[in-house]
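Thanks for coming, everyone. I'll keep this short: charges first, then surface patches, then backbone. Please have a look at the model.

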Amino acid sequence: MKRETCKLCYARPAISSYSALLFGIGGNILMATLIVFLIYSCSSGDTKKEAGIYDVNILDAFNTNEDVSTSEFIDGTIEYIPLESKKEFFLDNAAQIFVTDLYIITLAKNQIYLFNRKTGKFIREIGHYGNDPGGYKRVVQAFPFDEKRKMIYTGGWDPKSYCRYPLSGEFAEKITAYSFDNKEDMSNGVFGEIITSIAPLNDTCFVGYVWNINGKQEAKLIAFNGNNHRIKIYPQYKRFDYDINRDGISVFSWNAKYYQLKDQLHFFERFTDTVFTVSIDTLQPKFVLHRGGTKNATATDFTKNKGNVGYFLIENIFESDRYLFFKIRSAKENFGGEFYYGFFDKANGRTEVSKNVAGINNDVDNFLPFRVQSANQYNEIIGSRDAYEVKLWFEENPEKATKLPPDLQKLKVLEETDNPVVMIAKLKR
């Protein structure tokens, strides 16, 4: 796509012109939701086939008595790769993990490390934390790894800037997403436009998410090129009443999530119910996540005095050729519940959610439950378990341990402070 000069135009969502008009004029989210439902609903079944939109019934699946096992989506065996452990590159908790044909990429707080895909040996650090040329301020969760271009994204020290690093480790470039602030709003103490995350739309353009903190933002996403020229504005239709003194401010590790599949970018906004495919022309609805009472959900639901929340919070979401995977947090007070893992099967329209907080029951090799983390272009699913969890499993399951193959029994020697064990398996097609 050629670079375009700065021109602001609104991309229409891929819904009927009538429902778009209702969104734009009335701002009535309930009416708009009804119209979209009437357009896309089908007579029966778990999935909406019309216009390629799928219903993902997370709440219904969670409330069933049926549990889910790894053999339902894994084809073959699971590969276990313990990451090399030395004090120079011990990973912090809750590392994000991605896998290519050659490498395992791990991202934790102020840490981006590269390991060998086959052996787990440490290779190098990518970039570095620091307020100096080539340094970054924070590891991001919204879109940390561009698999197609083999680039790592981090947050820069300027709140509007982001840094990119190739897997060779050196600093590549800084990308700045300039916001348009309404001076009148800013002078009245009202939030202006805040872009909290970006992702590549193609080789020359990016999209940035505008945080709808106050229910008054005009843009959901903006598309801009390398010269910081805005090419598109994708409208934000969700409106709600917000008072900072009444509602407070809730800050999350991400407000929008992006992932890639077959050279297409997909986007999910935390407090909505739809996963979109993003193009330079439009946002195309692909999945509708039925996870409880989200129609009036906003970021202020997380504020401490809000009490019980009636829906699951999405903590991670990504897609493979056949499956949509997700990590959810149960709907207790302030989302203080446990984490669960599940998937939607596009081949048969079924949604499955594990009832085990330890992960998805592992009936492939009867070892540790699987916690899905990411998928790659090689149709592989990636998970991980902390070393202390592996050690504890062997202590609590001595009889099962004797039935494991020799390569898995070797994991018994891990120390609880070692780096995680990465789990990789092929997905069914």
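Start with burial: buried means under 20% relative accessible area, exposed means over 50%, and partly exposed is in between, with a 1.4 Å probe and protein chains only. By that rule D146 is buried, because its relative accessible area is 0%.

Some ground rules. This is a predicted model, where local features need pLDDT of at least 70 and side-chain atom pairs count only at pLDDT 80 or more, while totals for chains, interfaces and linings use all residues. Residues are numbered from 1 along each chain as its sequence is written, and side-chain values use heavy atoms, with hydrogens and water left out.

Now salt bridges. Side chains of opposite charge can pair when their charged atoms come close. I call it a salt bridge when a side-chain nitrogen of Lys or Arg is within 4 Å of a carboxyl oxygen of Asp or Glu. How many salt bridges does that rule give? The count is 21.

Back to D146. Its side chain meets that of R149 in a salt bridge, at 3.1 Å from N to O.

Next, R350. It forms a salt bridge with E66, with 3.6 Å between the closest N and O atoms. This pair links distant parts of the chain: R350 sits in strand 23 (residues 350-353), E66 sits in the loop between helix 3 (58-62) and strand 2 (74-82), and they are 284 residues apart. Helices here are DSSP runs of H or I with at least four residues, strands are runs of E with at least two, and both are numbered from the N terminus. R350 counts as partly exposed, because its relative accessibility is 40%. There is also a network of salt bridges here, linking E66, R350 and E352.

Another pair: R117 and E380. Their closest N and O atoms are 3.2 Å apart, in a salt bridge. R117 lies in the loop between strand 5 (111-116) and strand 6 (122-125), and E380 in strand 25 (residues 380-385), so this pair ties together parts 263 residues apart in sequence. Are these two buried or exposed? Both R117 and E380 are buried.

On to E193. Where is E193? It is in the loop between helix 4 (183-187) and strand 12 (195-200). E193 counts as buried because its relative accessibility is 13%. Its side chain makes a polar contact with the side chain of R230, at 2.4 Å. A polar contact is a pair of N or O atoms within 3.5 Å; within protein, one must be able to donate a hydrogen and the other to accept it, and residues adjacent in sequence count only if both atoms are side-chain atoms.

Now the surface. Patches take residues with over 30% relative accessible area and no salt bridge; like charges are joined within 9 Å, and nonpolar side chains (Val, Leu, Ile, Met, Phe, Trp, Tyr) within 5 Å. Areas come from the Shrake-Rupley method with a 1.4 Å probe, and for residues only the protein chains shown count as cover.

I244, I249 and V251 make a nonpolar surface patch of about 290 Å². V251 is in the loop between helix 5 (244-247) and strand 16 (256-261). V251 counts as exposed because its relative accessibility is 67%.

Last, backbone. K262 has phi near 50°, a positive value in a residue other than glycine. K262 lies in the loop between strand 16 and strand 17 (264-269). N366 has phi near 55°, also positive and also in a residue other than glycine. N366 is in the loop between strand 23 and strand 24 (372-375).
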